[in-house]
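Student: I'd like to learn how to read helix packing from a model. Can you walk me through a case?

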Amino acid sequence: MLGNHGRSITKAVFTPLARVLARLGVTPNMVTVAGTVASVAVAVICIPQGWIWQGGIALAVVMFGDSVDGTLARMTTGGTRFGAFLDSTLDRLADGAVFGSLTAFAVFRMNGSPVRTWVIVAGICSIIGAAAVPYARARAESVGVVAKLGIAERTDRLIVGMGSAIVMSVGAPAWVLALGLTWVAFASFITVCQRIWFTARHIDEGTQ
């Protein structure tokens with residue numbers, strides 16, 4: 001949902017940067033790998049240590065900047081199948097690092113309470129959802145169905161998950177993080193169901 005609007009913004013912002021990178025010989029795949037390494041490093045170093053708002057800002061900059069790979073690809077190669085595969089695969093590593101680190105924060109930094117347990121369970125479910133949502137789309141495409149629909153795209157999940165953590169880190173009660181991760185987990189489950197339903201309805205069209 002939010003991702004659809006964000007693509008037009010990132011295209012306008014990163015077109016000048018993409019032109020510079022293209023002149024320097026930087027490839028889209030280089031940008032993809034560098035962005036993923038930076039995202040994972042920021043997540044696993046900052047969040048479990050409790051540096052949540054600092055890590056959140058750094059992640060926002062890195063992940064927003066990582067969008068330049070798509071703009072660069074359109075300018076240079078026009079986008080390759082391997083590039084799309086690499087980008088999607090490495091996104092899963094970044095997502096897992098973010099939600100895994102939020103769960104680790106709850107395990108190691110939060111005081112024992114029902115809310116802490118709630119955050120841990122919701123965090124684990126969010127990790128599962130971060131893998132299941134794109135997997136459902138990929139499997140649908142393997143049988144000829146383009147199942148891009150769903151109430152929670154990657155951008156939505158990351159903004160809600162990290163946003164709730166940042167709000168908590170600046171003084172809000174811990175249940176704010178619990179609610180945020182619960183939404184991520186629930187919305188991921190609904191999105192998977194939507195994609196399964198859509199694929200079931202259109203799979204015969206894809207095999208014709």
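Tutor: The axes of H2 (residues 28-46) and H5 approach within 8 Å, crossing at roughly 5 degrees. Axes are lines fitted to C-alpha atoms over the stretch in contact, with angles from 0 to 180 degrees between N-to-C directions. This is a predicted model, where local features need pLDDT of at least 70, side-chain atom pairs count only at pLDDT 80 or more, and totals for chains, interfaces and linings use all residues. Residues are numbered from 1 along each chain as its sequence is written, and side-chain values use heavy atoms, with hydrogens and water left out.

Student: How are H2 and H5 oriented, parallel or antiparallel?

Tutor: Angles under 35 degrees count as roughly parallel and over 145 as roughly antiparallel, so H2 is roughly parallel to H5.

Student: Which residues of H2 and H5 meet?

Tutor: Contact means heavy atoms within 4.5 Å. On the H2 side you'll find Val-33 and Val-40 among them, and on the H5 side Leu-86 and Leu-90 are included.

Student: And how does H2 lie against H4?

Tutor: The axes of H2 and H4 (residues 68-75) come within 8 Å and cross at roughly 175 degrees, so H2 is roughly antiparallel to H4. Pro-28, Val-31 and Thr-32 of H2 make that contact with Val-68, Asp-69, Leu-72 and Ala-73 of H4.

Student: Is Phe-108 buried or exposed?

Tutor: Exposed means over 50% relative accessible area (1.4 Å probe, protein chains only), buried under 20%. Phe-108, in H5 (residues 81-109), counts as exposed because its relative accessibility is 67%.

Terms used:
Helix = DSSP H or I, 4+ residues; strand = E, 2+ residues; numbered from the N terminus. Parallel < 35°, antiparallel > 145°, perpendicular 65-115°, else oblique.
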